[in-house]
Amino acid sequence: MRTIVIGGGIAGPAVALALRQIGHDVTVYEAYEDPAGDVGAHFSLAVNGLRALEKLGCLRDVQAIGFPIDRMRFYTAGGHLLGDVPRLRRDADSMRSISLERGRLVALLRRAALDAGAQIVTGERLVGATESANDVVAEFASGRRDTAELLVGADGIWSTVRGLIDSSAPRAEYAGLYGVAGISTMTGVEAGVWNLTYTRNGAFVHTGIDEHTQWWTAQIGDPVKPDLRGVDDAQWIRRVTELFPEAMPRALVAATTSVVASGYLNVCDPIRKWHSGRIVLVGDAAHPVGVGHGASMCVEGALELAAALSSAPTVPAALQAYDEARRPRVDKLLKHGHNARESKRPGTVKRQISAAKMRVLLPFFERVQGYLYDYEPPSLSAAGGSQSATR
């Protein structure tokens with residue numbers, strides 16, 4: 001089967017890898033010339049995402065470019081510990097979540113997709129698609145056209161494909177939070193710990209990478225979307241220092257050696273239609289979940305789509321089966337993401353409420369979130385095999 005994938009970030013190459021395993025002829029189209037450059041800041045992969053990457057044959061390579069994170073700790077603005085729990089895993093799990101740079105993961109997945117036989121075409125922006133009973137024709141801004149039996153929208157939260165499936169589909173909006181990320185060098189760092197401090201103006205996250213390095217992210221609450229263009233590193237450091245006067249953020253920002261990324265946190269209302277007859281959404285195009293799980297959900301979705309396509313009798317039946325398999329899990333996580341974002345909004349009362357909730361909920365962390373890490377990704381049959389999928 002020939003498949004077109006729109007988007008060359010994390011979801012697109014993951015889909016290409018999964019579909020190559022079941023024998024599809026795959027071409028990935030990416031709007032930007034070099035999507036694997038310095039794209040985004042650091043982020044996390046949960047153990048469920050890592051196990052999905054293992055099914056794609058990428059686990060060891062991904063672990064080699066990341067840093068294992070054992071614990072996560074939550075603090076009040078005054079520095080009092082609210083709780084200490086496993087980071088994105090169950091306590092008994094021998095696997096550790098990792099933190100890594102987005103650009104390096106994108107580059108690795110693209111290379112793996114190419115090595116698996118997929119094609120990746122950059123500098124081509126999708127503008128339209130036309131479906132028939134047997135195929136779908138993709139149209140690009142350059143005038144290029146391509147035909148396949150399936151088109152996969154892996155083009156992120158601002159998805160063009162989403163609007164082609166349903167012109168009334170919700171669009172992403174500013175979430176009332178924006179962020180900036182940096183790297184600090186300092187002594188006395190505890191490696192392998194992710195820390196979140198609830199502050200007066202949002203939330204401050206810092207992760208111990210090694211004995212001397214902290215990756216940090218300031219998530220700043222502002223109901224009015226600010227203009228982030230032209231803000232240089234020195235201006236960012238001054239702004240974050242003013243907005244986060246609490247002891248730990250202030251010390252980390254003072255030790256900053258580089259500011260690596262900035263941007264808005266965006267949200268999207270639940271997306272009702274994930275597919276039509278021969279077009280389907282994967283990853284943030286279908287369900288922008290955030291809260292440390294976006295990349296993991298992308299890889300899970302890639303495997304689930306391939307599993308459905310390998311076992312269903314027709315493409316439309318496969319897309320329906322994929323939707324039914326994924327939606328209950330995603331809907332549950334979307335509620336968790338909403339609650340997590342709300343806890344980071346500024347204000348003294350909001351901060352106190354968030355701290356009180358964390359004190360109550362953290363002792364039951366595994367009971368509340370353990371379902372995320374129990375996920376068993378499907379195993380895909382090799383191309384030319386029985387075309388069945390097992391778990």
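Reader: What is the strand order of the open sheet of seven strands, and which kind of pairing does it have?

Author: In this predicted model, the order is β6-β5-β14-β15-β16-β13-β17, and the pairing is mixed.

Reader: What makes β6 and β17 the edge strands?

Author: β6 (81–86) and β17 (256–267) each pair on one side only. On average, neighbouring strands of the sheet are turned by 15° against each other, direction ignored.

Reader: How do you know that β15 and β16 pair, and in which sense?

Author: Two strands pair if there are at least two bridges between them. Strand β15 (residues 202–208) and strand β16 (residues 213–221) have seven bridges, in the antiparallel sense, so they count as paired. His-206, for instance, has Trp-216 in β16 as its bridge partner.

Reader: Why is α2 called oblique to α8?

Author: Helix α2 (residues 47–55) packs against α8 at an angle of about 40°, with the axes 8 Å apart. Angles under 35 degrees would count as roughly parallel, and 65 to 115 as roughly perpendicular. The angle therefore makes α2 oblique to α8. Their crossing is left-handed.

Reader: Which residues make the contact between α2 and α8?

Author: On α2 they are Asn-48, Gly-49, Ala-52, Leu-53 and Lys-55; on α8 they are Ser-296, Met-297, Val-299, Glu-300 and Leu-303.

Reader: Which residues touch the most other members of the largest nonpolar core?

Author: Leu-45, Cys-58, Val-62 and Phe-74 do, in a core of 93 residues. Helix α8 (residues 294–311) gives the largest share, eleven residues. Apart from this core lies another, of 15 residues, including Phe-204 and Val-231.

Terms used. Residues are numbered from 1 along each chain as its sequence is written. This is a predicted model: local features need pLDDT of at least 70, side-chain atom pairs count only at pLDDT 80 or more; totals for chains, interfaces and linings use all residues. Side-chain values use heavy atoms; hydrogens and water are left out. Helices (H or I, at least four residues) and strands (E, at least two) are DSSP runs, numbered from the N terminus. Axes are lines fitted to C-alpha atoms, for helices over the stretch in contact, and angles run from 0 to 180 degrees between N-to-C directions. A nonpolar core is a set of buried Ala, Val, Leu, Ile, Met, Phe, Trp, Tyr and Cys residues joined through side-chain atoms within 4.5 Å. Buried means under 20% relative accessible area, exposed over 50%, partly exposed in between (1.4 Å probe, protein chains only). Angles under 35 degrees count as roughly parallel, over 145 as roughly antiparallel, 65 to 115 as roughly perpendicular and the rest as oblique. A crossing is left-handed if the near helix is turned anticlockwise from the far one by less than a right angle, and right-handed if clockwise. Contact means heavy atoms within 4.5 Å.
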